[in-house]
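Please look through the sequence and the model shown here before reading on. The paragraphs below move from the whole chain to individual positions.

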Amino acid sequence: EDLADRAPVDWALDTWSTEIRPGLYALEMAALFYSDSDDWETGGGPAEDANEEAVARAVPQAVAALERFESFLSGADIVLDRLTIADCAAAPALWRSFRLPLSLERFPKVAHLRGSLSARPSFAAAGPAG
């Protein structure tokens with residue numbers, strides 16, 4: 001209920017949805033959701049069958065987004081100082097990044113966050129597929 005308490009969460013959600021997510025989405029579309037398949041749960045098709053040129057065009061945008069996210073994060077197991085809806089917003093895309101042709105080696109804080117959010121029992125209970 002406290003506005004000052006909610007402000008960082010709004011900031012994190014805005015950062016995710018306007019600065020980070022669009023860059024990852026372009027790569028997901030090129031590498032995973034390119035197929036005409038209706039199977040959106042598992043991504044429509046395997047990344048190795050994606051159009052290599054489309055993937056190559058999307059990688060720089062994803063790298064730029066991850067660079068911004070890396071600088072935003074503290075390196076903790078969660079986005080902010082407590083588990084919030086910002087973690088819930090980031091977790092699915094970060095989990096899908098395991099399937100993307102993009103290493104997170106240059107982004108240790110992003111990789112750590114991806115691992116910690118993916119390992120949460122509540123995330124596993126949601127039953128992510130693919």
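Is glutamate 48 buried or exposed? With a relative accessible area of 66%, glutamate 48 is exposed, where exposed stands for over 50% relative accessible area, buried for under 20%, and partly exposed for what lies in between, all with a 1.4 Å probe and protein chains only. Glutamate 48 belongs to the loop between H1 and H2, and its C-alpha atom is separated by 9.7 Å from that of arginine 99, although the two residues are 51 residues apart along the chain.

Some conventions come before the rest. The model is predicted, so that local features need pLDDT of at least 70 and side-chain atom pairs count only at pLDDT 80 or more, while totals for chains, interfaces and linings use all residues. Residues are numbered from 1 along each chain as its sequence is written, and side-chain values use heavy atoms, with hydrogens and water left out.

The protein chain holds five helices and zero strands, and the order read along the sequence is α-α-α-α-α; helices (H or I, at least four residues) and strands (E, at least two) are DSSP runs numbered from the N terminus. A compact globule of 130 residues would have a radius of gyration near 14 Å, and the 15 Å of the protein chain agrees with that; the radius is taken over C-alpha atoms, and the globule rule is 2.2 Å times the number of residues to the power 0.38. The C-alpha trace spans about 45 × 30 × 25 Å along its principal axes. Of the 130 residues in the protein chain, 41% are buried. Among contacts (heavy atoms within 4.5 Å) between residues at least 6 apart in sequence, 72% join residues at least 24 apart. The accessible surface, from the Shrake-Rupley method with a 1.4 Å probe, comes to about 7,200 Å², and 54% of this surface belongs to carbon and sulfur atoms.

In helix H1 (residues 3-31) the reader may turn to threonine 15, which counts as buried because its relative accessible area is 14%. Its side chain reaches the backbone oxygen of tryptophan 11 at 2.9 Å, a polar contact in the sense of a pair of N or O atoms within 3.5 Å, where within protein one must be able to donate a hydrogen and the other to accept it, and residues adjacent in sequence count only if both atoms are side-chain atoms. If residues up to four places away in sequence are not counted, threonine 15 touches Ile20 and Phe72; phenylalanine 72 lies 57 residues away along the chain, yet the two C-alpha atoms are separated by 8.6 Å.

Helix H3 (residues 85-96) has a number of buried residues, including Ala86, Ala90, Leu94 and Trp95, and the buried residues of H3 pack against H1, helix H2 (52-72), helix H4 (108-118) and helix H5 (121-125). At the start of H3, threonine 84 brings a side-chain oxygen to within 3.1 Å of the backbone nitrogen of alanine 86.

Between H3 and H4 the loop contains leucine 104, which is buried because its relative accessible area is 7%. Apart from neighbours within four places in sequence, leucine 104 is in contact with Leu66, Ser97, Val110, Ala111 and Arg114.

In H4 the buried residues are Val110, Leu113, Arg114, Ser116, Leu117 and Ser118, and what covers them includes H2, H3 and H5. The side chain of serine 118 reaches the backbone oxygen of arginine 114 at 2.7 Å, and, with residues up to four places away in sequence set aside, serine 118 touches Trp95, Phe98 and Phe123.
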